[in-house]
Each structure stands twice: as structure tokens, then as C-alpha cells.
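This report describes one protein chain, from its overall form to selected residues. The sequence and the structure are shown below.

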Amino acid sequence: MSIFRAELAKRQTDLVGRRWLFIPYDQLSDSIGPLAREDPKTLGIILVENPWKAARRPYHKQKLALILANLRHFALEQAARGVAVRHLVAQGPYRKALEPLVSELGTMRMMGPAERELCADLQPLVDAGGLELIPHEGWLTTHDEFRVGAGEGPPWRMDFFYRYVRRKTGILMKGAKPAGGKYGFDRENRLPWKGNPRPPAPPTFPLDPIKEEVGRLIQSKFNHHPGSLDLSAVPGTATDADLLWSWAKRECLPLFGPYEDAMSTRSRSLFHTRISSLININRLLPDRVVKDVMGMDIPLPSKEGFIRQVLGWREFLHHIHVATDGFREIPAGNPPVASEPGDAGYSRWAGKPWPSKRLPGDPDGGAKPSFLGDGTPLPPAFWGEKSGFHCLDRIISDVWTEGYSHHITRLMVLCNLATLIGVSPRELTDWFWVAYTDAYDWVVEPNVLGMGTFAVGELMTTKPYVSGAAYILRMSDYCERCAFDPKANCPFTNLYWAFLARNESLLRYNPRLRMPMVSLRRRSVGRRQYDQAVFPMVRDTLLSGNVIKPEKLPEM
Ligand SMILES: Cc1cc2nc3c(=O)[nH]c(=O)nc-3n(C[C@H](O)[C@H](O)[C@H](O)COP(=O)(O)OP(=O)(O)OC[C@H]3O[C@@H](n4cnc5c(N)ncnc54)[C@H](O)[C@@H]3O)c2cc1C
Ligand code: SF4
């Protein structure tokens, strides 16, 4: 018997006469829903480990370890409270695993799934009356609040929604006015980081027999998944979640604001909190983190900067995903939908197919919008092959090491480069989905399709987030050790101008791109021709998996 099963058996109480709940991998909290309110001794929970789900995509090993360790520890924590636990290992869709239990135990309850993919999987069971969906209490806002707050969209704007929620809740308000006289402190919060103050080292978490057993399981059954595994970086218990959050409050929050947009080779997270992978499985609850931060005595730009992310962006993006049915229904015209999950270029890079186990009736692979018409495959550099761009290579290496990099690295380096060379937004989304430990469809799709690649046009952002080398030079130290000179020959800058020229007909009337478009038109014919020569050269070199070298750039 496994260590986990033996530990569960020791804590298990009588399974008879319970009211059963299905708790999916991302609702691991007893502070919301029936687990928070009803007598533990009257409740039973069903927890499902599912190799079929893991096999759908080449997920990072660290993500598998995070999910399994938390699921198992949650089972033990709940059993210790007197909740009866049924833990099963499924080999197919969740509904198939639950159907026999419905026959045995009767209709079970579940808080509405956050992931659309899980919703689609379970819908037949809901329709058949085997599963009763109850409201998910882990969100801070309702869909009605989104409808009212974000304007009569689409398009929708985060700022309208955020201000509305601030006014409605009174969070960071002084009467009818925002605290500090304004709703945002972007100007104060755009400092590059020059080495001081020293950022904290990320916390590590104690190993225990449950985590170690998960580690052995990953090495034996999931070793073909990409990425490194470091169990000491996996917060797996409720205590670990508290430890991470205490670290974030103490070490990160006071300086969260000013260095929010900074990037550095010397610290992967700088003053970012690293809580996303736990908040997205409800080990930490948004309500808790917002309340705690509201109670902290820290500078207002840091407090507001953080609250904006959790109360604003996180909620807004979830509502967008629901409102558009995962971007299947958008005003620009409903895009095609992938019949099965993409492997994000894994098979091209690895030279062998991803061994997924497809079953009839499996959920599809997600919407494939592409406002700019981009469809270039994802280069092998995203799987760890060297590109010669120090910024890109460094961040990719960080991601395959720990399944994490912070927001600006995701947006202004990874998505930026991918958009500049015309990568397929769906393939890039699939890559983020597998590579990051915090990725689930409702959050990764709006962030990549909506924000990172402009694949849904102005549906939720006003312009594409693209830039040349100047931004990366200003906000990071990556350029210091790069073979390219950001002020002279860095291809990011030529790619930026080539991008604007290529997409001029689609973007020329965008008010936020008026100045760049004017500058583009003023750019000399010679420079524009050079930009156009750099673009295919960089794209094709990256696609072939080769390193881009300054001496190989086209002649000026
Ligand atoms: C291309 C791209 C892909 C992304 N994919 C994901 C993803 O798969 N999962 C994910 O949780 N976040 C994603 N984000 C948002 C953001 O980058 C991460 O939430 C953040 O980097 C997580 O690190 P942290 O916990 O240190 O965040 P902090 O900077 O400390 O922020 C605190 C919290 O705010 C929330 N938050 C901040 N920005 C966002 C946002 N844009 N969307 C949702 N929540 C936000 C997160 O819960 C985060 O933990 C993505 C952003 C981009 C640009
Ligand atoms: S010079 Fe260009 S490629 Fe090199 S790190 Fe800077 S922005 Fe990236």
C-alpha cells in the first residue's frame, strides 16, 4: 500500500451516511462552500487523480507535482477534520470516474468549475442530475457585476470594471474618492531594478513522505513530461501555503509596486509574490489575500498595485473567459476551434509525438482566434534550444527550471517576441498552459490570446503589447550579457518596426498606435527595407532551431 493510502486509512472515519461533494484539483479549500459551513462529520469528499488529464498536454513536471501533492495533502487534512474521503485514480474524463459513484452514493454537489474544459467534461453528468452545481465562493465578483462594471461590451475594459468594483466594495476608497486621489499608480510603479534593495530568495518548503512519494510517482510514471522537478519548491500543504503567503507579505508586498515591471537575471521574481499557483487551486483564497493586504501598513502604490492584480485583472479575465465561452464567441467572428489539445510544438522539438490518450467525447483543444492572421509555429527556443537572445534564453531556462516567471517577462519578452515573429496565438497559449504551474484555461487563454498576442483584437485590450529593444533595455539587465547591442543591432527593434509595417492596415486607426505609426512613416526607406529583411531571417533561424548571431544579420 502506498504511504499516502496508508496515511489516509489511519485518518479515515466512517464513510456511511455522508453528503458527498466532488472537489476538483483546483478547489482545495475548506474555507469556502459546504466544507466551510457544514459539519465535517456529515460530509464526504471525492478527490480524483487523473493521468488522462495529465496526458492531454506535455505539462511541466513541477505542475504535476504541485497538483498531486496538494490533492493528497488536502485529502489527509480533510480526513483529519472528520470528513470522509474517497480518493480515486481515473484514466479518462472526470464524468466517467464519477458516474459509478453517483449510482452508489446519489447526487453529489460541486462548486461550479473554473476551467471550461472541466465544465465541458462534467456537463453530461450535470444534465443527468448526478451532479448539482452550486456557486463557486472563491471568486470576489459576480458575472452580473462584470456586466455592469466593465461597460456594455464587448469590447470590455479592465479599468472600468476595476473602478466599479472599488466603488462598490469601498476597497481603497475614501468615501466616494479613491484613496490617494487616484485609482492607479502606474507612474510610480515603473522603476527598473538596479540591484538594490535586495530581493528576497524564494521560500523552500519542508519535504515529507507524501511529497517524496509524489516525486517518485512523477519520476516513474510521468518522467517523459518536460521540465525539472524540485520538490523543495513545491508548497503542498495548508501550512506551506501559509508559509508562502507570510513570506510574500513580509518580503515582497512593501516593494511590490515600484519594481512591478522590472526584470532581472539576478532574481526571477524580484518582489512578485509567487502565489498564483496556489491561488488558482484555492489553497490561498483571493478574499484572504485582499483582506490581509488591505490591513497592511505599506505604501499605497504597492498596496493598490497588488489589489489591482487580484481584484482587477484576475477577476476580469475570468469573466471574459466565461462571457466569450473561452473565446469561441467573439464579435470579430467566431474563430475555429482545435478538435484536440495542441502540444505547443513539443513533437517538432522532441522529434516524437506527444503520447496523449485521446478518448471519444474528450473536450476540444480550445479556440484559435488570430486577429493579425499569425500562424508561424512556435520555435524550439521555447523548449530550451538557444536562440542567441539573452533575454529570451534566460527566461525560457527559468521557466523550464521552475514553471514560473513573472508577468512582465511573460508579456514583454516571451509574448512580445512571439508576436513580433508572427507565432500562432493558439500554439503560444498551449505552450504557456503546459510550461507554467499556474496555468488553467480560464486564466491562460485571456492572458495570451487577449493580452499577450492581440489575437482577439480590441476585445479586452486597447493595443498589442509589442516593443523593440528599448523597453527591455530600460526595464531589465538582460542586455548587459547579450551578444546584441540594444542600441545598435538588436533585432527586437527591427522586428518591432517590421511588425508595425506588416500590420499597418489593421492597426493604423488604433489611437494608441498613432505615434508609432507616424514614426514608422518617417523611418527611411533603407531602414524599412532592412527591417523587412531582418524579420524573415530571425523567424526562419529561430524556426530551424539555430542561434542568431550578430555577424549573421543581413547587410545594412
Ligand atoms: C502571457 C501571459 C500569460 C499568463 N498566464 C497566466 C496563467 O496561466 N495563470 C496565472 O495565474 N496568471 C497568468 N498570467 C498573469 C500573471 O503573469 C501571473 O498571474 C503572475 O505572473 C503570477 O506570479 P505572481 O504570483 O508572482 O504574481 P504577482 O505579480 O505577485 O501578482 C499577484 C497575483 O495577482 C494575480 N494576477 C496578476 N496579474 C494577473 C493576470 N494578468 N491574470 C490573472 N491573475 C493575475 C495572480 O493571482 C498573482 O498571483 C499571465 C500573464 C501573461 C502576460
Ligand atoms: S540586446 Fe536585444 S536580444 Fe539581447 S537581451 Fe537586449 S533586448 Fe534581448
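## Surface and overall form

The chain exposes about 22000 Å² of accessible area, and carbon and sulfur atoms supply 53% of it; the areas come from the Shrake-Rupley method with a 1.4 Å probe, and for residues only the protein chains shown count as cover. This is a predicted model, in which local features need pLDDT of at least 70, side-chain atom pairs count only at pLDDT 80 or more, and totals for chains, interfaces and linings use all residues. Residues are numbered from 1 along each chain as its sequence is written, chains are lettered from A and ligands numbered from 1 in the order in which they are written, and side-chain values use heavy atoms, with hydrogens and water left out.

A compact globule of 556 residues would have a radius of gyration near 24 Å, and the chain agrees with this because its own value is 24 Å. That radius is taken over C-alpha atoms, and the globule rule is 2.2 Å times the number of residues to the power 0.38. Along the principal axes, the C-alpha atoms fill a box of roughly 80 × 60 × 45 Å.

## Secondary structure, burial and charge

The chain contains 23 helices and nine strands; helices (H or I, at least four residues) and strands (E, at least two) are DSSP runs, numbered from the N terminus. Of the 556 residues, 60% count as buried, where buried means under 20% relative accessible area, exposed over 50%, and partly exposed in between (1.4 Å probe, protein chains only). Among contacts (heavy atoms within 4.5 Å) between residues at least 6 apart in sequence, 77% join residues at least 24 apart.

The chain carries 72 positive and 61 negative charges, whose mean positions are 4 Å apart. Lys and Arg count as positive and Asp and Glu as negative, while His and the chain ends are not counted; each charge is placed at NZ of Lys, CZ of Arg, CG of Asp or CD of Glu.

Helix 17 is largely enclosed by the rest of the structure, because 11 of its 11 residues are buried. Among them are Pro-425, Glu-427, Trp-431 and Trp-433.

Ser-424 is found in the loop between helix 16 (407–420) and helix 17 (425–435). With a relative accessibility of 15%, Ser-424 counts as buried. Its side chain reaches the backbone nitrogen of Glu-427 at 3.0 Å. Apart from neighbours within four places in sequence, Ser-424 is in contact with Asp-374, Gly-375 and Thr-376.

Lys-63 lies in helix 4 (residues 61–81) and is buried, its relative accessible area being 5%. Residues up to four places away in sequence aside, Lys-63 touches Trp-433, Tyr-436, Thr-437, Ala-439 and Tyr-440. Trp-433 is itself one of the buried residues of helix 17. The C-alpha atoms of Lys-63 and Arg-157 are separated by 31 Å, the two residues being 94 apart along the chain.

Ser-277 belongs to helix 11 (residues 276–279) and is buried at 9% relative accessibility.

## Backbone features in loops

Two cis peptide bonds may be noted. One joins Pro-154 and Pro-155, with omega about 0 degrees; Pro-155 is found in the loop between helix 7 (143–149) and helix 8 (158–169). Another joins Asn-196 and Pro-197, with omega about -10 degrees, and Pro-197 is placed in the loop between strand 7 (177–178) and helix 9 (209–221).

Asn-282, in the loop between helix 11 and helix 12 (286–294), has a phi near 65 degrees, a positive value in a residue other than glycine. Asn-282 is buried, with a relative accessible area of 4%. Phe-327 also is not a glycine and has a positive phi of about 65 degrees. The loop between helix 13 (300–323) and strand 8 (337–338) holds Phe-327, which counts as buried at 0% relative accessibility.

## Lys-182

Lys-182 sits in the loop between strand 7 and helix 9 and counts as partly exposed, at 34% relative accessibility. Beyond neighbours within four places in sequence, Lys-182 is in contact with Arg-166 and Glu-188. A polar contact of 3.0 Å joins the side chains of Lys-182 and Glu-188. Such a contact is a pair of N or O atoms within 3.5 Å; within protein, one must be able to donate a hydrogen and the other to accept it, and residues adjacent in sequence count only if both atoms are side-chain atoms. The C-alpha atoms of Lys-182 and Glu-304, 122 residues apart along the chain, are separated by 10.0 Å.
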